Amino acid sequence: MALTQNRAVLDWIDKMAAMTQPDQIVWIDGSEAQLEDLRAQAVATGEIEKLNQEKLPGCYLHRTAVNDVARVEDRTFICCEKKEDAGPTNNWMDPKEMYAKLEGLYAGAMKGRTMYVIPYSMGVVGSPFAKYGIELTDSIYVVLNMAIMTRVGTAVAEKLDENFIKGLHAKADIDPEKRYIVHFPQDNTIMSVNSGYGGNVLLGKKCFALRIASCLGRDEGWMAEHMLILGIQNPAGEVRYLAAAFPSACGKTNLAMLIPPAHYREKGWKVWCVGDDIAWLRVGEDGRLWAMNPEYGFFGVAPGTNDKSNPNALASTQKGTIFTNVVHNLDDNTVWWEGLDKNPPENAVDWKGNPWNGKTSAEKGAHPNSRFTAPALNCPCISPEFESAQGVPISAIVFGGRRAKTAPLVYQSRDWEHGVFVGSIMASETTAAAAGAVGVVRRDPMAMLPFCGYHMADYWQHWLDMGKTLGGKAPKIFNVNWFRTDEEGRFIWPGFGDNLRVLEWIMKRCFDEAGAAETPIGFEPKAEDIDLEGSGIDRATLEGLLGVDKALWKEEVQGIREFYGKFGDKLPQGLAQELEALDKRLD
Ligand code: GTP
Ligand code: SPV
Ligand code: MN
């Protein structure tokens with residue numbers, strides 16, 4: 001039975017059902033009974049496998065098709081009316097043409113199948129900052145994931161009006177040549193077909209909460225960003241918040257849940273996780289920037305997650321979690337992935353579904369982009385503010401990427417405009433989170449290259465405008481890089497929990513409690529400004545991670561100039577001037 005009488009909603013569902021022709025339509029009410037019934041159905045068909053319920057209560061395993069393991073950026077489209085509004089960094093097609101193409105792909109795609117109607121909320125239901133959507137899908141896996149990643153069901157359906165975000169997903173044949181992830185910002189519509197992988201099909205996440213929401217933010221004066229949000233509690237008991245944008249698989253989940261080094265814990269430091277992937281930011285009534293996490297769960301990278309690197313993430317996955325494309329340990333019906341421990345199972349099944357022996361196999365057992373879908377409320381350090389309607393006030397914005405060279409461990413921008421410049425020139429090595437080559441340095445402004453729903457230069461202008469609104473209350477903007485390597489390619493900085501040493505300096509800078517040295521690229525800590533006790537890193541090594549290699553940065557300026565060239569006269573003047581000023585300071 002329909003959970004709403006709203007005509008706009010019902011008419012749209014009728015239209016989508018007429019096109020896809022499902023055998024039946026089932027509304028997701030969010031009840032545990034209904035979800036349990038769906039789990040049982042999916043177990044019966046082999047779509048998911050029930051794991052050891054004593055060790056991993058409520059946990060399941062799923063394997064995607066081998067050709068369907070990551071986001072597909074070359075098949076992701078922004079279909080606004082005019083090509084120039086999508087900008088040079090997005091794929092575009094005329095909306096009419098795209099609708100016609102998609103109609104062909106969706107026609108009869110749900111024949112013999114069930115269409116599930118998922119009413120979901122991005123944000124706390126009823127909060128003034130929440131936005132609502134419906135995802136129609138023929139995948140139980142998607143329903144179960146959405147029920148972890150977002151707030152779903154009856155309470156949301158009651159809030160639906162004609163402004164809901166429409167999302168249609170059909171698995172079809174999982175044909176990679178016919179795979180499309182399409183956004184129609186003018187219609188608040190998302191259409192995804194021929195995939196069953198997370199970011200392509202959990203439409204509340206990247207499609208709505210970043211691509212569509214970035215357009216809404218531009219129009220309504222707020223921002224949707226690929227950012228974690230965390231609170232740092234200092235020994236005085238004050239909690240200060242920061243938001244950080246790193247590209248996919250570059251450390252947001254890990255930073256958001258970090259456990260302070262022993263010597264910090266003893267003094268009373270603690271980190272609270274508000275969000276690990278997406279932040280919606282608005283100017284509050286007090287004029288400061290406030291951030292909320294629109295999600296309800298974590299869709300985190302499994303490989304590398306262990307009880308040393310990220311015990312809080314690991315703890316989050318011990319109940320009510322869906323694992324995707326990890327190793328199935330047949331001995332005790334649990335899961336394993338590279339970097340979990342040094343004891344891979346011998347009697348196991350790999351992510352492709354083949355028998356696998358971790359002691360003898362030359363191939364990886366888990367896909368590098370294998371993931372866990374875990375309820376945020378499982379996280380031992382989830383912030384008491386996680387469900388607060390207005391979010392948390394942000395003192396610092398941190399950009400960062402994976403750079404073997406060039407970018408120092410940390411630096412602070414000179415002011416907001418320079419900070420927007422620093423975000424716009426972000427570059428990072430590509431990872432397994434998206435299909436394509438891994439380890440290639442590319443520009444990924446604000447970690448939003450794959451997620452900005454409109455022209456990137458207009459997006460930068462929006463950032464500059466937000467700074468004008470915030471004025472003296474704007475957060476300070478920083479850049480970090482945990483990924484500098486030595487001659488042997490090993491990471492120099494210990495990373496993970498030790499990143500708090502850098503966050504401490506960042507927070508102190510926001511409250512005028514720490515010193516800095518001016519460099520051509522911005523303000524850096526002096527080596528003595530970073531607490532290294534117990535880090536295993538000496539002063540000289542830290543000095544090597546700081547500083548500015550002028551020759552490398554001159555090359556960088558060339559690269560930025562080329563990149564900026566793509567945007568022609570749309571490039572905000574202020575950013576062009578920042579680039580020239582940097583070039584001069586490097587002389
Ligand atoms: P998405 O969910 O794709 O947006 O990624 P994310 O930014 O949340 O990345 P995540 O925290 O899952 O980290 C991805 C990979 O980076 C994992 O393999 C981590 O082990 C590794 N990583 C995270 N933080 C650090 C760090 O401080 N140092 C090093 N060397 N590796 C790290
Ligand atoms: C990312 O790729 O940035 C992710 C995973 O967070 S996905 O939801 O697949 O986009
Ligand atoms: Mn992400």
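Student: Hi! Which Asp277 atom lies 3.0 Å from an oxygen atom of ligand 1?

Tutor: Hello! That is a polar side-chain atom of Asp277. Keep in mind as we go that this is a predicted model.

Student: Thanks. What about Arg371 and ligand 1, how far is a polar side-chain atom from an oxygen atom there?

Tutor: For Arg371 the distance is 2.8 Å, again from a polar side-chain atom to an oxygen atom of ligand 1.

Student: And Thr253, is it a backbone or a side-chain atom that sits 2.8 Å from a ligand 1 oxygen?

Tutor: With Thr253 it is a polar backbone atom. As for cover, ligand 1 has 660 Å² of accessible area on its own, and the protein covers 91% of that.

Student: Where does ligand 1 sit, then?

Tutor: Ligand 1 takes up space in the largest pocket. Two elements give two or more residues each to the shell around it: α9 (252–256) and β17 (297–301).

Student: Which element gives the largest share of that shell?

Tutor: That would be α9, with three residues.

Student: How many residues surround ligand 1, and which are the closest?

Tutor: There are 21 residues around ligand 1, and the closest are Ala249, Lys252, Thr253, Asn254 and Arg371. Sorted by class, the shell holds 10 nonpolar, seven polar and four charged residues.

Student: How far is the Tyr197 side chain from an oxygen of ligand 2?

Tutor: An N or O atom in the side chain of Tyr197 is 2.7 Å from an oxygen atom of ligand 2. For Ser248, a side-chain N or O atom is 2.5 Å from a ligand 2 oxygen. His226 has a polar side-chain atom 3.3 Å from an oxygen atom of this ligand. Taken alone, ligand 2 exposes 290 Å², of which the protein buries 98%.

Student: What pocket is ligand 2 in?

Tutor: The space taken by ligand 2 is the largest pocket.

Student: Where is Ala447, and is it buried or exposed?

Tutor: Ala447 lies in the loop between β27 (441–443) and α13 (456–470). Ala447 counts as buried because its relative accessibility is 1%, and the cut-off for buried is under 20%.

Student: What about Phe496, what is its phi near?

Tutor: Phe496 has a phi near 50°, which is positive too. Phe496 belongs to the loop between β28 (476–480) and α14 (500–510), and counts as partly exposed because its relative accessibility is 39%.

Student: Last one: which side chain does Asp286 make a polar contact with?

Tutor: The Asp286 side chain contacts the side chain of Trp290, at 3.0 Å. Asp286 itself is in the loop between β15 (279–283) and β16 (289–292), and is partly exposed with a relative accessible area of 29%.

Student: How far is Asp286 from Pro393?

Tutor: In sequence they are 107 residues apart, while in space the C-alpha to C-alpha distance is 9.7 Å.

Definitions and conventions
Residues numbered from 1 in each chain as written. Chains lettered and ligands numbered in written order. Predicted model: local features only at pLDDT ≥ 70, side-chain atom pairs only at ≥ 80, totals over all residues. Heavy atoms only, no water. Near = heavy atom within 4 Å. Polar contact = N/O pair within 3.5 Å; in protein donor to acceptor, adjacent residues only side chain to side chain. Areas by Shrake-Rupley, 256 points an atom, 1.4 Å probe, with all protein chains shown as cover. 1 Å grid on protein atoms, 1.4 Å probe; cavity = no way out; pocket = protein on both sides within 12 Å on 5 of 7 lines; lining within 4 Å. Sits in = over half its atoms within 2 Å of the grid points. Helix = DSSP H or I, 4+ residues; strand = E, 2+ residues; numbered from the N terminus. Nonpolar A, V, L, I, M, F, W, Y, C, P; charged D, E, K, R; others polar. Buried < 20%, exposed > 50% of the residue type's maximum accessible area, 1.4 Å probe, protein only.
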